[in-house]
There are 2 protein chains.
Amino acid sequence: DLLSYEESVPLSCAQISLGLKYEAKEQRFAISVLQIANCSALPLPAERNIYVRVAVLPCSEATRCLFRTSGVAPQDPVQLNEVFGMHVAHNALRQKTLRVDVCVTSASGREQCLAGAQISLADVSSSGERQVRWYNLLNHTHMSNIDRK
Amino acid sequence: DLLSYEESVPLSCAQISLGLKYEAKEQRFAISVLQIANCSALPLPAERNIYVRVAVLPCSEATRCLFRTSGVAPQDPVQLNEVFGMHVAHNALRQKTLRVDVCVTSASGREQCLAGAQISLADVSSSGERQVRWYNLLNHTHMSNIDRK
């Protein structure tokens with residue numbers, strides 16, 4: 001029975017808490033990277049600090065759209081509490097996608113992203129209130145598995 | 001001035017309309033792939049039909065979690081109107097991510113996905129009502145650009 005299988009062996013995933021706010025008056029989009037929960041579900045290499053990479057895509061050359069938090073040890077939960085802001089018209093923002101990845105720096109110094117969330121900004125509110133939500137983080141290995149099928 | 005640049009050269013993106021419904025009584029999750037708008041923003045090879053690949057991830061071996069629509073010519077808007085269903089407990093579903101990609105079959109017969117949306121199911125409602133929304137599609141080239149930075 002499929003159902004009892006799913007119930008008896010619950011899949012677990014890491015989650016990230018983000019706050020999104022658009023201030024119409026200043027035409028500023030602010031992304032708060034707040035917390036990561038259930039880090040044990042991430043495919044983490046040993047003894048590496050993790051950080052969060054935030055990208056607002058597509059990115060025009062004229063605007064900064066790529067941000068990274070400081071690195072922290074992967075305890076549970078991870079507190080990040082960093083805010084990134086960018087200057088963008090609301091109409092332009094509504095055609096963009098927010099991509100958030102949990103990454104480590106590999107032994108060779110390369111950025112290695114392990115899991116991510118992707119958020120369509122088509123419905124982003126211009127109310128000026130920060131909307132905080134938890135998003136599931138999808139391990140990149142799951143994506144590469146379906147790309148090979 | 002960054003703002004006038006963004007306003008004078010509006011970025012455009014393709015969008016996909018999806019309906020999501022969870023029926024608690026039957027423990028069934030239904031994904032309706034409805035329409036694609038603004039296909040001209042997709043990096044389409046000439047004279048290929050497009051289709052939509054839908055994956056509910058992570059995928060346990062016991063359940064089917066990967067679906068594909070029929071192929072259609074990339075006119076504007078593309079009408080798809082296909083519904084895929086899977087049997088899953090609500091608690092398990094809320095730890096999953098819905099990944100939706102617009103793909104073509106390349107000349108060599110390989111699946112080539114061009115753009116996608118990713119939707120955290122952490123907040124999926126169990127009301128039994130279908131929730132229809134438009135999601136921005138992010139071209140995969142934009143993701144690979146930041147991975148190289």
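**Exercise 1. A salt bridge within chain A**

Which side chain meets that of Lys21(A) in a salt bridge, and what is the N to O distance?

*Solution.* The model is a predicted one, and in it the partner of Lys21(A) is Glu23(A), with a distance of 3.2 Å from N to O. This value falls under the rule that a Lys or Arg side-chain nitrogen must lie within 4 Å of a carboxyl oxygen of Asp or Glu.

**Exercise 2. Salt bridges between the chains**

Determine how many salt bridges link chain A and chain B, and describe the pairing of Asp147(B) with Arg53(A).

*Solution.* Between chain A and chain B the count is four salt bridges. In one of the pairs, the side chains of Asp147(B) and Arg53(A) meet at 2.9 Å, taken from N to O. Asp147(B) belongs to helix H3 (residues 140-148) of chain B, whereas Arg53(A) belongs to strand E3 (residues 51-57) of chain A, so the pair joins two chains.

**Exercise 3. A pair involving a loop, and a network**

Locate the salt bridge of Arg133(A), and list the residues that salt bridges with shared partners join into one network.

*Solution.* Arg133(A) meets the side chain of Asp123(B) in a salt bridge of 2.6 Å, N to O. This pair crosses between chains, running from strand E8 (residues 131-136) of chain A, where Arg133(A) lies, to the loop between strand E7 (111-120) and strand E8 (131-136) of chain B, which holds Asp123(B). Both ends are then classified: Arg133(A) counts as partly exposed at 33% relative accessibility, and Asp123(B) counts as partly exposed at 46%. As to the network, Arg53(A), Arg68(A), Arg99(A), Asp101(A), Glu111(A) and Asp147(B) are joined into one by salt bridges that share partners.

**Exercise 4. The interface as a whole**

Describe the extent of the interface between chain A and chain B, its polar contacts and the composition of the side contributed by chain A.

*Solution.* Begin with contacts: 47 residues of chain A touch 46 residues of chain B. The area buried between the two chains is about 4,300 Å², of which 56% is on carbon and sulfur atoms. The rule for polar contacts finds 14 residue pairs across this interface, both residues being at pLDDT 80 or more. Turning to the elements of chain A that give two or more residues to the side touching chain B, these are helix H1 (2-8), E3, strand E4 (66-68), strand E6 (97-105), strand E7 (111-120), E8 and helix H3 (140-148). H1(A) supplies the largest share of that side, namely five residues. By class, the residues on the side of chain A that touches chain B divide into 22 nonpolar, 13 polar and 12 charged.

**Exercise 5. The relation between the copies**

What rotation superposes chain A on chain B, and with what shift along its axis?

*Solution.* The rotation is 180 degrees, with 0.0 Å of shift along its axis, and the RMSD is 0.0 Å. That is the relation of a two-fold axis. Within chain A, the C-alpha nearest the axis belongs to Gln118(A), at 2.7 Å from it. Finally, 98% of the interface residues of chain A are also interface residues in chain B, so the copies meet through the same surface.

Terms used
Residues are numbered from 1 along each chain as its sequence is written. Chains are lettered from A and ligands numbered from 1 in the order in which they are written. This is a predicted model: local features need pLDDT of at least 70, side-chain atom pairs count only at pLDDT 80 or more; totals for chains, interfaces and linings use all residues. Side-chain values use heavy atoms; hydrogens and water are left out. Helices (H or I, at least four residues) and strands (E, at least two) are DSSP runs, numbered from the N terminus. Buried means under 20% relative accessible area, exposed over 50%, partly exposed in between (1.4 Å probe, protein chains only). Contact means heavy atoms within 4.5 Å. Buried area is the accessible area (1.4 Å probe) that two parts lose on being put together, summed over both. A polar contact is a pair of N or O atoms within 3.5 Å; within protein, one must be able to donate a hydrogen and the other to accept it, and residues adjacent in sequence count only if both atoms are side-chain atoms. Ala, Val, Leu, Ile, Met, Phe, Trp, Tyr, Cys and Pro count as nonpolar, Asp, Glu, Lys and Arg as charged, and the others, Gly among them, as polar. Copies are superposed by least squares on the C-alpha atoms of residues with pLDDT of at least 70 in both.
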